[in-house]
Amino acid sequence: MAGVKAANYSFDAKPLGLGKAPYFCVFEADFESEAALMNALGSKEGQAVAGDVPNYASGGVTMIHFPIG
């Protein structure tokens with residue numbers, strides 16, 4: 001997607017305590033601003049990415065956004 005400054009992912013998500021992690025994968029993408037993120041998600045490419053998520057995340061998805069600093 002346009003505007004992605006950096007991206008990371010892991011298929012090795014583990015809880016710090018006992019039990020099983022609620023996620024099998026974590027994906028993180030950095031954008032210049034919240035506006036850049038929203039523009040990317042609203043683009044044709046962003047909509048295609050969002051539409052593809054159910055093809056590999058059949059157990060559901062939690063999407064969040066937050067500032068870093």
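Is Lys14 buried or exposed? Lys14 counts as exposed, at 61% relative accessibility, where exposed means over 50% relative accessible area, buried under 20% and partly exposed in between (1.4 Å probe, protein chains only).

The model is predicted, so local features need pLDDT of at least 70 and side-chain atom pairs count only at pLDDT 80 or more, while totals for chains, interfaces and linings use all residues. Residues are numbered from 1 along each chain as its sequence is written, and side-chain values use heavy atoms, with hydrogens and water left out.

**Salt bridges**

Side chains of opposite charge can pair when their charged atoms come close. Two salt bridges turn up in a search of the whole structure; the term stands for a side-chain nitrogen of Lys or Arg within 4 Å of a carboxyl oxygen of Asp or Glu.

| Salt bridge | Closest N and O atoms |
|---|---|
| Lys5 and Glu32 | 3.1 Å |
| Asp12 and Lys14 | 3.5 Å |

In the pair of Lys5 and Glu32, Lys5 lies in strand E1 (residues 4-10) and Glu32 in the loop between strand E2 (26-31) and helix H1 (34-42), so the bridge ties together parts that are 27 residues apart in sequence. Lys5 and Glu32 are both exposed. In the other pair, Asp12 is partly exposed, with a relative accessible area of 48%.

**Chain layout**

The chain has two helices and two strands, in the order β-β-α-α from the N terminus on. Helices (H or I, at least four residues) and strands (E, at least two) are DSSP runs, numbered from the N terminus. Along the principal axes, the C-alpha atoms fill a box of roughly 40 × 30 × 15 Å.

Of the 69 residues in the chain, 10% count as buried. The accessible surface comes to about 5,900 Å², and 58% of this belongs to carbon and sulfur atoms; the areas come from the Shrake-Rupley method with a 1.4 Å probe, and for residues only the protein chains shown count as cover. Among contacts (heavy atoms within 4.5 Å) with a separation of 6 or more, residues 24 or more positions apart account for 49%.

**Two single residues**

Asp30 is in strand E2 and counts as partly exposed, at 23% relative accessibility. Leaving aside neighbours within four places in sequence, Asp30 is in contact with Gly3, Val4, Lys5, Ala6 and Ile68. C-alpha to C-alpha, Asp30 and Ser43 are 16 Å apart in space, and 13 residues apart in sequence.

Gly17 sits in the loop between E1 and E2 and is partly exposed, at 49% relative accessibility. Between Gly17 and Ala48 there are 36 Å in space, C-alpha to C-alpha, and the two are 31 residues apart in sequence.

**Largest pocket**

A pocket is an open set of points on a 1 Å grid over the protein atoms alone where a 1.4 Å probe fits, with protein on both sides within 12 Å along at least five of seven lines; lining residues have an atom within 4 Å of a point. The largest pocket has a volume of about 1,400 Å³, which is the space filled by probe spheres set on the points, with grid points joined across faces, edges and corners.

Its lining has 33 residues, and Phe27, Glu28, Thr62, Met63 and Ile64 lie nearest the centre. E2, H1 and helix H2 (44-52) are the elements that give two or more residues to this lining. E2 gives the most, with six residues.

The lining residues divide into 25 nonpolar, five polar and three charged. Here Ala, Val, Leu, Ile, Met, Phe, Trp, Tyr, Cys and Pro count as nonpolar, Asp, Glu, Lys and Arg as charged, and the others, Gly among them, as polar.
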